[in-house]
Amino acid sequence: MGSHKVIRLGSRVSALALRQTEEVLSQLRALYPEQEFQVTEVRTRGDVNAQAPLASMGLGVFVTELERELLDGRLDLVVHSLKDLPTAIPPELTLGALPRRQDPRDVLVNRWSCSLEQLQPGTRIGTSSPRRRALLRGLCPQVTVVPIRGNVETRLRKAGGEECDGAVLAAAGLIRLGLTEQIAAYLSPQQFVPPPGQGALAVQVRAGDDRMLELVRPLDHAETRDAVTAERAFLEMLGGGCQLPAGAYARREGDALLMTVFLGSPEGDRAFRAEAAGRTHESAKLAGDAYQSLLQQGAEALLEEHRASRD
């Protein structure tokens with residue numbers, strides 16, 4: 001691979017996004033010490049409107065501008081948080097590599113460094129995620145869930161007593177930012193089911209750019225790809241723009257791929273969980289089995305209501 005022209009990586013402007021881009025960059029530099037790389041920071045709609053509730057802003061709020069720069073040829077590679085990427089990506093683009101995933105779990109932070117079960121009635125826990133809100137209401141009916149937005153550092157500050165008593169965040173973000181001392185409890189991914197792709201990064205490239213596809217291929221981690229492909233396939237089955245609280249977590253055990261999925265009502269009064277097992281590389285089948293299992297438990301009525309309310 002010749003080391004001609006600078007390779008341009010695109011990143012969101014947040015500290016966490018830049019840290020994630022750096023993670024990918026250090027792997028690329030180790031593989032290609034002769035090659036010159038340059039990071040370009042791109043402000044996305046989600047970064048500009050830091051106050052608006054995310055759910056109201058639609059899909060792709062953190063990715064559209066980055067994808068546009070990639071399509072226009074101003075960038076060669078883009079590093080995303082996989083959970084920010086809609087399941088349908090432009091056909092001219094592809095996920096060239098899914099590097100080894102960081103911890104997929106959610107974590108609890110709070111003023112007392114106590115566990116979920118130890119939270120006192122009336123404790124205010126911050127999150128703007130419909131999934132986290134529904135899971136909290138189901139597992140901890142004694143707490144009050146309050147909306148909270150902003151980057152990781154902002155949310156930690158607000159959760160220290162400024163706007164609430166604690167918050168639920170992604171483990172991966174705190175690990176990547178070196179803030180693990182803030183974590184009061186790691187939440188079980190089978191119980192507090194994470195969103196599809198949490199902890200994973202995606203290196204997106206133009207579909208026809210053979211040089212970049214070849215460049216990033218060594219970063220791809222097969223076990224991560226199998227797991228997150230199953231999780232994203234489940235999300236796709238719910239309907240790409242589904243705003244219902246939903247989670248999916250797949251992992252490899254021996255020769256099998258195991259998956260836990262969650263679907264809830266926004267109020268948290270109805271919650272469905274299902275487990276499925278399948279063979280590695282059969283991600284779509286595994287997702288289908290988990291989805292069917294949810295429907296058999298009665299989740300169909302919830303999905304019907306949701307679709308009717310959107311029409």
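This is a predicted model: local features need pLDDT of at least 70, side-chain atom pairs count only at pLDDT 80 or more; totals for chains, interfaces and linings use all residues.
Buried here means under 20% relative accessible area, exposed over 50%, and partly exposed in between.

**Stop 1**

Select Cys 140. Its relative accessible area is 1%, so Cys 140 is buried.

Move to Cys 164. This residue is buried as well, with a relative accessible area of 1%. The closest cysteine sulfur to that of Cys 164 is again in Cys 114, 14 Å away, which is too far for a bond. A disulfide calls for two cysteine sulfur atoms within 2.5 Å, and the count for the structure comes to zero.

**Stop 2: the five-stranded sheet**

Show the cartoon and colour β5 to β9. These five strands form an open sheet with mixed pairing, in the order β7-β6-β8-β5-β9. At its edges are β7 (144-146) and β9 (185-186), each of which pairs on one side only.

β9 and β5 run antiparallel and are joined by two bridges. To see one of the contacts, select Val 107 and its bridge partner in β9, Tyr 186.

Cross β5 to reach β8. Here too the strands run antiparallel, with five bridges between β5 and β8. Val 109 has Ala 167 of β8 as its bridge partner.

Keep Ala 167 selected and look towards β6. The pairing of β6 with β8 is parallel and spans two bridges. Gly 126 has Ala 167 as its bridge partner in β8, so Ala 167 is a bridge partner of both Val 109 and Gly 126 by the DSSP assignment that defines pairing.

How many of the residues of β8 are buried? Five of the five are, so the strand is largely enclosed by the rest of the structure. Cover is present on both faces: Gly 166, Val 168 and Ala 170 are buried on one side, and Ala 167 and Leu 169 on the other.

**Stop 3: salt bridges**

The whole structure has 21 salt bridges.

Begin with Asp 103 and Arg 105. Their side chains meet in a salt bridge of 2.8 Å, N to O. Asp 103 is buried at 14% relative accessibility, while Arg 105 is partly exposed, with a relative accessible area of 28%.

Next select Asp 106 and Arg 131. The closest N and O atoms of this salt bridge are 2.8 Å apart. Arg 131 belongs to helix α4 (residues 130-139) and Asp 106 to strand β5 (residues 106-110), so the pair ties together parts that are 25 residues apart in sequence. Both partners are buried: Arg 131 has a relative accessible area of 5%, and Asp 106 is at 0%.

Then go to Arg 111 and Asp 165, whose salt bridge has its closest N and O atoms 2.6 Å apart. Arg 111 sits in the loop between β5 and β6 (124-126), and Asp 165 in the loop between α5 (152-162) and β8 (166-170), so this pair ties together parts that are 54 residues apart in sequence. Asp 165 counts as buried at 7% relative accessibility, whereas Arg 111 is partly exposed at 46%.

Finally, select Lys 5, Arg 8, Asp 76, Arg 206 and Asp 209 together. A network of salt bridges links these five residues.

**Stop 4: the second largest pocket**

Select Arg 101, Pro 104, Glu 223, Ala 250 and Arg 251. Of the 15 residues that line the second largest pocket, these are the closest to its centre. The volume of this pocket is about 210 Å³.

Which elements each supply at least two residues of the lining? They are α8 (222-238) and β11 (246-253). β11 gives the most, with four residues.

Colour the lining by residue class to finish. Seven of its residues are charged, five nonpolar and three polar.

Definitions and conventions. Residues are numbered from 1 along each chain as its sequence is written. Side-chain values use heavy atoms; hydrogens and water are left out. On a 1 Å grid over the protein atoms alone, a cavity is a set of points where a 1.4 Å probe fits but cannot get out, and a pocket is an open set with protein on both sides within 12 Å along at least five of seven lines; lining residues have an atom within 4 Å of a point. Grid points are joined across faces, edges and corners, and a volume is the space filled by probe spheres set on the points. Ala, Val, Leu, Ile, Met, Phe, Trp, Tyr, Cys and Pro count as nonpolar, Asp, Glu, Lys and Arg as charged, and the others, Gly among them, as polar. Buried means under 20% relative accessible area, exposed over 50%, partly exposed in between (1.4 Å probe, protein chains only). A salt bridge is a side-chain nitrogen of Lys or Arg within 4 Å of a carboxyl oxygen of Asp or Glu.
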